Each structure stands twice: as C-alpha cells, then as structure tokens.
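Hi everyone, thanks for coming. Let me put today's structure up on the screen, and then I'll talk you through it.

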Amino acid sequence: FVAIQNPLIETFYAGAATSQLTRGLLRREYYDGLYQVLPYYLSYYIGFLAMQIPWSLAWATPMYVLAGLPLEFFRFLTFQGTIFVVILMSCAAGSAVGTFTKDADGNRAVLVPAIIPMSLFSGYVIPYRQIWSIWKPIYYASPLQWGMTLLEASRYQGLIFDDCDPDEPNRRCYATGEEVLEAQSTDLARTLGVSGMLLLCLAYVGLFLLL
C-alpha cells in the first residue's frame with residue numbers, strides 16, 4: 001500500500017505544480033510560434049522518465065529488500081516496473097489537473113476527494129469481500145487498487161507454503177500462493193494476470209496523457 005500510495009501522491013503534486021509553473025511559458029512561446037504543444041509535452045515526459053528511473057530504484061529497492069520479498073529478478077522487475085508506471089500515471093494525472101488549477105490548494109481540492117475513496121475501497125482498508133456492491137465500481141476503477149493487486153499477484157504466484165500440509169483434512173491455512181489470491185483477489189484480476197494488469201495500468205497512463 002505504501003509502495004503505491006506514496007509515489008502516487010508525491011508525483012501527482014509534482015506534475016500539477018510543474019504544469020502550473022510552465023503553462024505561462026508554454027502559452028507565450030506557442031503564440032510566438034516557437035513552441036508546439038506535442039513536442040513540448042513529449043520532451044517534458046521523456047525528461048521526467050529519465051529522472052524518475054534512478055529515483056524509483058532508490059525508493060523501491062530498499063523497501064523490497066527490507067520487506068523480505070524474494071530476491072528473484074522477475075519479481076523485482078515487476079515490483080520496480082509497477083512503481084515506475086504508477087509514478088508516470090500520477091504525474092500525467094497531476095499535469096492534467098495543473099492545467100486548470102491555480103495553486104497547491106486547487107490541486108489538493110482535486111486529489112483529496114479522489115484519493116480517499118480510492119484508498120478506502122482499494123481492498124487494503126476494507127477487504128474486497130466486505131465491500132458493498134454499490135462501492136465496487138470504485139474498487140475496479142481505482143488505479144491504486146490495480147497497482148496493489150498487481151504487486152500482490154506477482155508476490156504470491158507460484159508460491160508454496162511449506163508449513164501448511166495440503167493433504168490435511170479441514171485445514172485452515174493456505175498451501176499455495178494461488179489459494180491466497182483466490183481468497184483475496186477478484187476473478188477479473190486472476191484472469192488478467194500480472195501482464196494483463198500491467199497493460200491496464202499503462203492504459204491509465206495513456207488516458208491521463210490524453211487529458
């Protein structure tokens with residue numbers, strides 16, 4: 001939860017603030033014929049990506065190791081890639097918000113009403129099975145939830161718990177990671193799998209960039 005929420009909030013505000021600070025320059029140079037909108041934003045996001053690669057490594061690597069997650073290249077790459085996509089997603093959303101807000105208070109007025117339900121109905125505060133049906137559309141629409149579910153799927157897929165005997169009658173433990181995912185995640189998440197959820201997060205990036 002922390003690995004997804006913290007970079008989401010921080011880069012949202014960074015994207016919004018940068019958009020507010022530079023939109024006057026962009027408007028002036030655009031009308032002077034020196035800037036074009038598409039090349040400007042392409043250069044901005046390419047530069048942003050280049051700066052975020054070392055930052056996301058510095059943020060994610062200690063957390064991954066200290067949490068005792070498996071030292072496997074694919075799982076670490078998925079963890080790192082998910083955080084990187086969330087950073088890009090929230091920066092794109094913040095940049096879109098910054099085009100029509102004036103200051104940090106305006107950014108906060110947009111983010112807070114969005115982040116509270118996204119966090120509350122992400123499956124972390126209230127387990128999915130306990131979320132009322134009326135609130136489940138928020139669960140499925142939440143980028144925060146998909147980032148968390150992606151990390152959870154990467155963590156538990158293929159995992160075997162040696163201290164749980166699968167042949168024991170009436171057992172109350174999970175023998176495999178797939179059993180954990182079946183109990184805690186949704187049918188849609190299991191159908192999409194890690195690659196499908198990563199593509200969904202990239203689709204969110206594309207949506208926010210279009211805004």
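This is a predicted model: local features need pLDDT of at least 70, side-chain atom pairs count only at pLDDT 80 or more; totals for chains, interfaces and linings use all residues.

Residues are numbered from 1 along each chain as its sequence is written, and side-chain values use heavy atoms, with hydrogens and water left out.

Okay, the overall picture. The chain has 8 helices and 0 strands; these are DSSP runs, H or I of at least four residues for helices, E of at least two for strands, numbered from the N terminus. The C-alpha trace spans about 75 × 40 × 25 Å along its principal axes. Of the 211 residues, 39% count as buried, meaning under 20% relative accessible area, with exposed over 50% and partly exposed in between (1.4 Å probe, protein chains only).

Now, how many salt bridges does the whole structure have? The search finds 4, where a salt bridge is a side-chain nitrogen of Lys or Arg within 4 Å of a carboxyl oxygen of Asp or Glu.

Take glutamate 72 and arginine 75, whose side chains meet at 2.8 Å, N to O. Arginine 75 is buried because its relative accessible area is 14%, whereas glutamate 72, at 41%, counts as partly exposed.

Another one joins glutamate 179 to arginine 171, again with a closest N and O distance of 2.8 Å. Here glutamate 179 is partly exposed at 23%, and arginine 171 is partly exposed at 26%.

Then there's arginine 190 with aspartate 187, at 2.2 Å between the closest N and O atoms. Both sit in helix 8 (residues 187-210), 3 residues apart, about one turn of the helix. Aspartate 187 is exposed, at 55%, while arginine 190 is partly exposed, at 34%.

Last stop, the surface. Leu25, Tyr30, Tyr31, Leu34, Tyr35 and Val37 make up a nonpolar patch with about 610 Å² of accessible area together. Patches use residues with over 30% relative accessible area and no salt bridge, joining like charges within 9 Å and nonpolar side chains (Val, Leu, Ile, Met, Phe, Trp, Tyr) within 5 Å; areas come from the Shrake-Rupley method with a 1.4 Å probe, and for residues only the protein chains shown count as cover. Helix 1 (residues 2-31) gives the most to this patch, 3 residues. Tyrosine 31 is in that helix, and at 64% relative accessibility it counts as exposed.
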